[in-house]
Amino acid sequence: MSAQTTSTRRGGTGRWTEFVLVLVAVAIAVGSFAAVGLGTDSELPPRLAAYAVGFAGVGIAAHLVVRWRAPYADPVLLPAALALNGIGLAMIYRLDVANVTQAELNGVPVPSPQASGQLVWSIVGLLLMGGVLWLVRDHRVLARYTYLTFLVGVFLLLLPLVPGLGVEINGARIWVSVLGQSFQPGEAAKVVMVVAFSSYLVAHREALALAGRRVLRVDLPRGKDLGPILLVWVLALAILVFERDLGAAVLFFGVFVVLLFVATERVGWLVVGAALAAVGGWASYVLFDHVQTRVSVWLQPFDDPDSGYQVIQSLYGLAYGGLIGTGLGRGQPNLIPFAESDFIAAALGEELGLTGLMVVILLFGVIVARGLRIAIGVRDPFGTLLATGLASVVGLQVFVVVGGVTTLIPLTGLTTPFLSLGGSSLVMNWVIVALLLRVSDAGRRPAPTPPQPLAEAQTQAVRLR
């Protein structure tokens, strides 16, 4: 019996712990919303009570769904995601207030608020999380459709390239417009591809784990086993070349390499993955102007103020925030372009400071750590790879986004999970939480007690007369 199962039997399912943490997450979200009003207008927002009741109701309803459909699931995942969602809503509302003030000063039409739409998408995401928990009663069912899920994932990734359907925004062709509504199919593709990768590697991990030539004490994989990683590498390069989406290319290839290593326990796959990434990055830099621009902005953002304007403003914002920040509503995050989406980490860093930004990153760290813990505790290999892949998606995405904003790595254009404006990203991240909860429920659920052997029939001596 696993350690998680033993602790579950001794300490309960953790649902009351989750309930208390959900209340804490609601308090963080409502407190952030109130702090924005006090910081901007020195009074509480007019709809604070309605927002508090609504957010608390949605959070508690999500908790009740988990209590009903996944009673043994991890008790920390839902509250951590809910807190991040609430912080993101507060920052988007703060940017709405700043945009309204700026429009009134300039005498231009007031832009429509974005926080209300994000709140709607938050509710949709939580509803979809409940729907996934309701429909997917056993995560192992997803392993049956390896090649179908892979084809669906590739279709979603390449959908923005369809003429008349794909839309190019800000230099990247990652959007699809249907009936006036735009969404990013790549957000759904990252979940579908993790399922496909996990299912494939479970079926072929023994062959992929066979060692080939030994170089510098590292057992490299056999040449005939390089097909899957080369296929994913080519797909990542296609995304980079045709859609100009560096973030998605890095994310998909990185997650596949991580899953390869976990499935085979061979360091050689990490070496091959790093080599292919280096070759692809160098070739992209030599051949494509937009990659050269991103690298030059990363290395010397102040040399070209036009191309590096976004990064420069984000660095100024982070510097202005300092250690403890200006306080919610006290800074000028609206001066950062795309502060509500790509650069929301910089906006939070300005008003919450380095301390507040580290707390936000630690919340992401909690989600990733709990996801990896779920991967260790689950009993089946597919569940292990699925949980590892989903946790890696969140971890890599946060690293790529925050690393780009802080110029640790080149800027990629990905959105920050749960924080950034955008329905596609928010909804699919709640689907990730739902799948992690489902795998966690299977791993923490006590094993059925084997039936006790029937008592042997007692014989009774009867005296014959």
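Predicted model: local features only at pLDDT ≥ 70, side-chain atom pairs only at ≥ 80, totals over all residues.
Biologist: How are α4 and α15 oriented to each other?

Modeller: Helix α4 spans residues 77-106, and its axis packs against that of α15 at about 165°. The axes are 10 Å apart. The cut-off is over 145 degrees. The pair is therefore roughly antiparallel.

Biologist: Is the crossing of α4 and α15 left-handed or right-handed?

Modeller: The contact is made on the α4 side by Leu 77, Leu 78, Ala 81, Leu 82 and Asn 85. Facing them on α15 are Leu 426, Trp 430, Val 433, Leu 436 and Leu 437. These residues divide into nine nonpolar, one polar and no charged. The handedness of the crossing is right-handed.

Biologist: How are α14 and α15 oriented to each other?

Modeller: Helix α14 covers residues 381-405. Its axis comes within 10 Å of the α15 axis, and the two cross at roughly 150°. That makes α14, relative to α15, roughly antiparallel.

Biologist: How many residues in the contact of α14 with α15 are nonpolar?

Modeller: This crossing is left-handed. From α14 come Gly 383, Leu 386, Ala 387, Leu 390, Val 393 and Val 394. From α15 come Ile 432, Leu 435, Leu 436 and Val 439. No residue there is charged, one is polar, and the nonpolar count is nine.

Biologist: How are α13 and α15 oriented to each other?

Modeller: Helix α13 runs over residues 344-377 and α15 over residues 423-444. Their axes come within 9 Å and cross at roughly 40°. Roughly parallel needs an angle under 35 degrees. The two helices are therefore oblique.

Biologist: How many residues in the contact of α13 with α15 are polar?

Modeller: The crossing is left-handed. α13 supplies Gly 371, Ile 374 and Gly 377, while α15 supplies Leu 436, Val 439, Ser 440 and Gly 443. Gly counts among the polar residues. Three of the contact residues are nonpolar, none is charged, and the polar count is four.

Biologist: What span is expected for α2?

Modeller: Helix α2, residues 15-41, has 27 residues. Its end-to-end C-alpha reach is 39 Å. At 1.5 Å a residue, the reach of α2 is close to the expected 39 Å.

Biologist: How many contacts beyond four places in sequence does the model have for residues 455-462?

Modeller: The chain averages a pLDDT of 88, with 93% of the residues scoring at least 70. Over residues 1-11 pLDDT stays under 50, and the model has 21 contacts beyond four places in sequence for them. Residues 455-462 also stay under 50.

Terms used:
Residues numbered from 1 in each chain as written. Heavy atoms only, no water. Axes fitted to C-alpha atoms, helices over the stretch in contact; angles between N-to-C directions. Helix = DSSP H or I, 4+ residues; strand = E, 2+ residues; numbered from the N terminus. Parallel < 35°, antiparallel > 145°, perpendicular 65-115°, else oblique. Left-handed = near helix turned anticlockwise from the far one by under 90°. Contact = heavy atoms within 4.5 Å. pLDDT = per-residue confidence, 0-100. Expected span 1.5 Å × (residues − 1).
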